[in-house]
Amino acid sequence: MSNTKDTLTITDNRTGKTYELPVEDGAVRAMDLRQIKVEEGDFGLLAYDPAFKNTANVRSEVTYIDGDAGILRYRGYPIEQLAEHSSFLEVAYLLIHGELPTTDEHDAWVHDITHHTFIHENIKQFMDGFHHDAHPMGMLVSTVGALSTFYPEAKGIDDPAARHQQIVRLIAKFPTLAAFAYRHSIGMRYSYPDNDLSFSGNFLNMMWKTTELKYEPDPILEKAMDTLLILHADHEQNCSTTTMRAIGSSDADPYSAAAGASAALYGPKHGGANEAVLRMLEEIGSVDQVPAYIKKAKDGEFRLMGFGHRVYKNYDPRAKMVQGLAPQVFEVTGKNPLIDIAQELERIALEDDYFVERKLYPNVDFYSGIIYQAMGFPTSMFPVLFAMGRIPGWLAHWQENLLDSEQAIVRPRQLFVGADERDYVQPEDR
Ligand code: SDX
């Protein structure tokens, strides 16, 4: 029995007072700091943590990441095993329900989702209203939010059955919205869902079907697509998931929350990085230009997109698995020459002190775009594919947040450093 207590003793040198704070799960409660005051009437001490770099604001059972060891587990299952043995819909079930489904549960889940892939015909009018070169991520953010107007019952966020129904609809309809956005951008008529196909096979059908009566997905590309969706399905409290939880904390419906999460994901520092990586590789243009660009990155002239991570200070395990998909995809599509540039970039960066010191390794976005491009997806679709994979993770966290009795509407404090009280000045006196 250790005689050490799980507490932190703090001495406030401003007053000489000491305080004992409980340490639980490797954390102290920020609210325990409020007792630390100079004057009795003081508000009490706050914790200041821009971008929450060292703040946990939730307890979660969904996903575990060990950034130093490069470990990623969904509900305890290693991502490597899920990518090898599972399917995206089974992983979605696992993330949301917390356990792998029995055969009956799995079949019912797949049936439910398969039969909710259609979107209201009116949504096509929204799609048709976008400019021909509208970015599909902007179209996705808008149309996901618009779904909330078709399902007013989604406001019943306290009703498990209503939550389940919206969860099924969102997972089922994301691919349809994604594919319709693409078809709009190339001026092709929409290809409707085919319930005979798998989740990923149907997505490829909605993306690529032309004059054939029935689209038949290439099984290697269908499996690669499914694996890529698994690898993107969740990643604990990243920017977009935190957004999903924050919007959900006001009891907003899940469609509105998912629209906000999609908007957060759109940023090039987050899910928009896979698109930025492709544009970077195309700008580099050839392997012999790599050293010059590495130098630019070290001189701070540009960010090596697809490198670095807030949590992973080791190789992102997903990046390895995405890269591992390249040979089988290229067998079907032909090799994407950009992979040579990417691999040379990685080789040189991982030997260079600048990146090693900052623990900058390839992340999930570094290789995914190369594969997506080889599969025929336009670069602007890459963040949309990321969102399609992440929607089950967002929903798992949204629901976990609603069911967590410790949670409340997200409303952080601030350190006010602005102007003190001052009187209004008439325009002629300014
Ligand atoms: C995703 O959070 C998640 O889990 C996200 C995600 C998920 O699944 O949800 O994993 C998906 O978003 C992956 C990340 C995709 N983004 C990119 O690839 C964009 C490039 N990477 C960076 O912008 C950056 O690495 C972040 C945004 C990913 C992380 O930023 P941090 O943690 O705020 O780190 P930082 O920006 O403070 O950088 C620390 C240092 C800095 O150097 P100094 O100023 O201290 O000298 O590393 C440098 C940065 O300049 N740095 C880079 C770099 N990333 C960080 N230098 C060159 N190239 C880079 N890519």
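Select I171. At 1% relative accessibility, I171 counts as buried, because buried means under 20% relative accessible area, exposed over 50% and partly exposed in between (1.4 Å probe, protein chains only). The model is predicted: local features need pLDDT of at least 70, side-chain atom pairs count only at pLDDT 80 or more, and totals for chains, interfaces and linings use all residues. Residues are numbered from 1 along each chain as its sequence is written, and side-chain values use heavy atoms, with hydrogens and water left out.

**Stop 1: around I171**

Which helix holds I171? I171 lies in α6. Helices (H or I, at least four residues) and strands (E, at least two) are DSSP runs, numbered from the N terminus.

Now show the contacts of I171. Contact means heavy atoms within 4.5 Å. Leave out residues up to four places away in sequence, and I171 touches L89, A92, I96, W109, I113, F199, I391, P392 and L395. Pick L395 from that list. I171 and L395 are 224 residues apart along the chain, yet their C-alpha atoms are separated by 8.9 Å.

**Stop 2: the largest nonpolar core**

A nonpolar core is a set of buried Ala, Val, Leu, Ile, Met, Phe, Trp, Tyr and Cys residues joined through side-chain atoms within 4.5 Å. The largest one here has 114 residues. Which members touch the most others? They are W109, I171, F203 and F377. Helix α6 (residues 160-185) gives this core its largest share, 12 residues.

**Stop 3: helix α7**

Select residues 199-208. This is α7, and the helix is mostly covered: nine of its 10 residues are buried. Click through F199, S200, G201, N202, F203, L204, N205, M206 and M207 to see the buried ones. What do they pack against? The buried residues of α7 meet α2 (88-97), α3 (103-114), α6, α8 (219-231) and α17 (382-403).

**Stop 4: S240**

Move to S240, in helix α9 (residues 239-248). S240 counts as buried because its relative accessibility is 0%. Neighbours within four places in sequence aside, S240 is in contact with A261, A264, L265, H270, R390 and W394. Take A264: S240 and A264 are 24 residues apart along the chain, and 5.0 Å separates their C-alpha atoms.

**Stop 5: two loop residues**

Go to A51, in the loop between β2 (17-22) and β3 (63-66). A51 is not a glycine, but its phi is positive, about 65°. Is A51 buried or exposed? At 52% relative accessibility, A51 counts as exposed.

Next, select R75, in the loop between β4 (71-74) and β5 (77-78). Phi of R75 is also positive, near 50°, and R75 is a residue other than glycine. R75 counts as buried, at 18% relative accessibility.

**Stop 6: strand β2**

Select T18, which lies in β2. T18 touches T9, I10 and T11, not counting residues up to four places away in sequence. How far apart are T18 and S86 in space? The distance is 53 Å, C-alpha to C-alpha, for two residues 68 apart in sequence.

**Last stop: the whole chain**

Zoom out. The chain has 17 helices and five strands. Its C-alpha atoms fill a box of roughly 80 × 75 × 55 Å, taken along the principal axes. The radius of gyration is taken over C-alpha atoms, and the globule rule is 2.2 Å times the number of residues to the power 0.38. For 430 residues, a compact globule would have a value near 22 Å; the chain has 24 Å, which agrees.

Colour by burial. Buried residues make up 48% of the 430 residues. Among contacts between residues at least 6 apart in sequence, 70% join residues at least 24 apart.

Now show the surface. The chain exposes about 21400 Å², and carbon and sulfur atoms supply 52% of that area. Accessible areas come from the Shrake-Rupley method with a 1.4 Å probe; for residues, only the protein chains shown count as cover.

Finish with charge. Lys and Arg count as positive and Asp and Glu as negative; His and the chain ends are not counted. The place of a charge is NZ of Lys, CZ of Arg, CG of Asp or CD of Glu. There are 40 positive and 62 negative side chains, and the centres of the two sets lie 4 Å apart.
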